[in-house]
Amino acid sequence: MAASEKALRLVEECVGVGEIALSDRVLAGVRYDVRRFQAFTPSGMPVPGLHRIEGRIGFEDERPAVPCDCTLRLEDGRSLRITIVDADGHVLAEGHGPSRCHCC
């Protein structure tokens, strides 16, 4: 199926205060506002692994160097692997689906 046949839909929005786990430290008390988009086939079935997470992290004091791969821990206990892409705290993560690799 061609990529143009899949549509991304907003499936979840998360807002809260969590923490960022970096390779060498944890930054607690970071505000986050992230949205998860999921790919769907024309028939309405979700495409496993094909998703996009985007949003923003608000830092109080310490900011990691960017770009930075890290883990965002949400208030509800879930964790998201994300990349902080700029100094304003914009984040991005994209899944690529099982048809393109064997890692997911």
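Reply: A polar atom of the Q38 side chain lies 2.6 Å from the backbone oxygen of V47. That is within the cut-off for a polar contact, a pair of N or O atoms within 3.5 Å; within protein, one must be able to donate a hydrogen and the other to accept it, and residues adjacent in sequence count only if both atoms are side-chain atoms. The model is predicted: local features need pLDDT of at least 70, side-chain atom pairs count only at pLDDT 80 or more, and totals for chains, interfaces and linings use all residues. Residues are numbered from 1 along each chain as its sequence is written, and side-chain values use heavy atoms, with hydrogens and water left out.

Q38 sits in strand β2. Strands here are DSSP runs (E, at least two residues) and helices likewise (H or I, at least four), numbered from the N terminus. Q38 counts as buried because its relative accessibility is 11%. The scale is simple: buried means under 20% relative accessible area, exposed over 50%, partly exposed in between (1.4 Å probe, protein chains only).

Now the neighbours. Not counting residues up to four places away in sequence, Q38 touches A7, L8, R9, V11, P46, V47, P48, L50 and H51. Contact means heavy atoms within 4.5 Å.

The C-alpha atoms of A7 and P42 are separated by 7.6 Å, although the two residues are 35 apart along the chain. P42 is in the loop between β2 (26-40) and β3 (46-58). P42 is exposed because its relative accessible area is 64%.

Step back to the fold. The protein chain has zero helices and six strands. Six strands close into a barrel, in the order β1-β2-β3-β6-β5-β4, with antiparallel pairing. From one strand to the next, the twist averages 40°. Axes are lines fitted to C-alpha atoms (for helices, over the stretch in contact), and angles run from 0 to 180 degrees between N-to-C directions.

Take β1 and β4. Strand β1 (residues 7-21) runs antiparallel to strand β4 (residues 68-73), and three bridges join them. Two strands pair if DSSP finds at least two bridges between them. E19 has R73 as its bridge partner in β4.

T71 also lies in β4. T71 counts as buried because its relative accessibility is 15%. Its side chain makes a polar contact with the side chain of R81, at 2.9 Å. Leaving aside neighbours within four places in sequence, T71 is in contact with E19, I20, A21, S79, L80 and R81.

I20 turns up again in the core. The largest nonpolar core has 19 residues, and those with the most contacts inside it are I20, V34, I57, L72 and I82. Such a core is a set of buried Ala, Val, Leu, Ile, Met, Phe, Trp, Tyr and Cys residues joined through side-chain atoms within 4.5 Å. β1, β2, β3, β4, β5 (79-84) and β6 (90-94) each supply at least two residues of this core. β2 gives the most, with four residues.

Beyond its neighbours within four places in sequence, I82 is in contact with I20, I53, I57, C68, D69, C70, L72, V91, L92 and A93.

Last, the whole chain. Buried residues make up 36% of its 104 residues. Among contacts between residues at least 6 apart in sequence, 53% join residues at least 24 apart.
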